[in-house]
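Please look over the model below before reading on. The briefing that follows treats the pairing of strands between and within chains, and then the contact between the chains.

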Number of protein chains: 4
Amino acid sequence: MIENRIRFRVRYVETDQMGIAHHSNYFAWFECGRTELMRDLGYPYTQMEKEGILMPIVNVACKYFRPAHYDDLLELRTMVKELPRARITLNYIITKVETGEILAEGETTLAFLNEKRRPTRAPEKFLNTLRSNFK
Amino acid sequence: MIENRIRFRVRYVETDQMGIAHHSNYFAWFECGRTELMRDLGYPYTQMEKEGILMPIVNVACKYFRPAHYDDLLELRTMVKELPRARITLNYIITKVETGEILAEGETTLAFLNEKRRPTRAPEKFLNTLRSNFK
Amino acid sequence: MIENRIRFRVRYVETDQMGIAHHSNYFAWFECGRTELMRDLGYPYTQMEKEGILMPIVNVACKYFRPAHYDDLLELRTMVKELPRARITLNYIITKVETGEILAEGETTLAFLNEKRRPTRAPEKFLNTLRSNFK
Amino acid sequence: MIENRIRFRVRYVETDQMGIAHHSNYFAWFECGRTELMRDLGYPYTQMEKEGILMPIVNVACKYFRPAHYDDLLELRTMVKELPRARITLNYIITKVETGEILAEGETTLAFLNEKRRPTRAPEKFLNTLRSNFK
């Protein structure tokens, strides 16, 4: 498994009139988790796009156990549990730092597209990076 | 089944640097579908909240088959396939009007919370409205 | 002056915990107004980008007089008051349809960039379109 | 003057198909700046709302000099230049950390509303906090 943890606070703009963070924001947070996981691996997503590979989302899911509120300090754990082939799946767990409670669990699957926007395999260098960091 | 259809265009702000609508926006669109489905039933969501019932999201999923682009005219079909008890599940299909292609399919499950934010059953009036419109 | 009017409802995701539409959304709405104004002129913004011209924002302002709430039906009036040269300025007025109250007034200025992302003049065809529709 | 600085990275979701951060996000970032400025003063905005005071936006403006891109590390400087009375004005400067370039300058004015959502003066405790930190 490859794992990354980031911490961030819920923004005011992310709340809705129910007084909680709107569920759609969790996918933006997961994206931040992917960004930092890839930076930590030494293979930032900006480099992926520079090499002509796009990673569009093909599949997402999220379960919400408890609400997040404005200014809550959250921890997001981003995990790659399996080496990718044509697609890569990441798993996410969001906890509230103050209480340790798990607020949500998510999963996203991304494809790899080449410059013609056709499905392609994950770049060999990226796979090697994942392999050498896999524990 | 209860069904509603709305049409809308992809906003510029909803695109990302991949040149497509960001996946998180689909959940905002699904919410618009729920809003219009409930208005059509004569039981708008604003009334639900006035009666002290909140309907937070507990579960979402979406599969993305093809990208949506800025200014694309989309049709969203929102469906209730089963009468709710403690929770209500809605299903969604998004098609591109110009081509008829299905772009995405989603599902969301919502709970009912009372004024103390404790889980409660769907209001009887709401259930009756659903029952009398179920086909 | 060139003018366009659109109507839309405030989305749930656009509200914040104050129970009103978050102020940042007004700029997304203004963008929808620009999109429809240009479509009405027969020169949709998608065509502008296809011709290699980007129109980034250089300047925005908005005054908020009264809040907008979830599901409020709003009318947005988008106006071009002067023919553009290097830049184009648009003005906006948002009213609540039910009451006729003015909720907000905004202004945005956009530049024209060529394919090298250098400032350029507005395309001649676009200027002619504006001129022939100016009243 | 009272001043606060925060650093953050541009999120992928914040980009648009022009390949730059969409202008509406700057107002969400300014809000983060306000949040951290108030936390640093020992008077977090969450406390303000707990005391029954809301601070809605009445006026915003922003000038965009250069674009921000995905994953850019930005620094936001949030400033209170004058002690508030019925309203408080904050100024913002966003720079790109890597180059030191100023990307944007903004201003927001907020009102103070009491529990009946009527305009009120800034709470005396908040004013005292500002006064004792003013340099």
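Across the two chains, strand β2 (residues 57-64) of chain B pairs with β2(A) in the antiparallel sense over five bridges, where strands are DSSP E runs of at least two residues and helices H or I runs of at least four, numbered from the N terminus, and where two strands pair if DSSP finds at least two bridges between them. Within this pairing, Ala61(A) has Ala61(B) as its bridge partner. The model is predicted, so that local features need pLDDT of at least 70 and side-chain atom pairs count only at pLDDT 80 or more, while totals for chains, interfaces and linings use all residues. Residues are numbered from 1 along each chain as its sequence is written, and chains are lettered from A and ligands numbered from 1 in the order in which they are written.

**Contact between the chains**
- Chain A and chain B contribute 17 residues each to the contact, with two residues in contact if their C-beta atoms, placed from the backbone, lie within 7 Å.
- On the side of chain A that touches chain B, α1 (25-40) and β2 (57-64) each supply at least two residues, and β2(A) gives the largest share, eight residues.

**Strands within chain A**
- Strand β1 (residues 2-9) of chain A runs antiparallel to β3(A) and is joined to it by eight bridges, with Phe8(A) opposite Leu74(A).
- β3(A) is also joined by seven bridges to strand β4 (residues 87-96) of chain A, again antiparallel, and Val80(A) stands opposite Leu90(A) there.
- A hairpin is formed by β3(A) and β4(A), with six residues between them.
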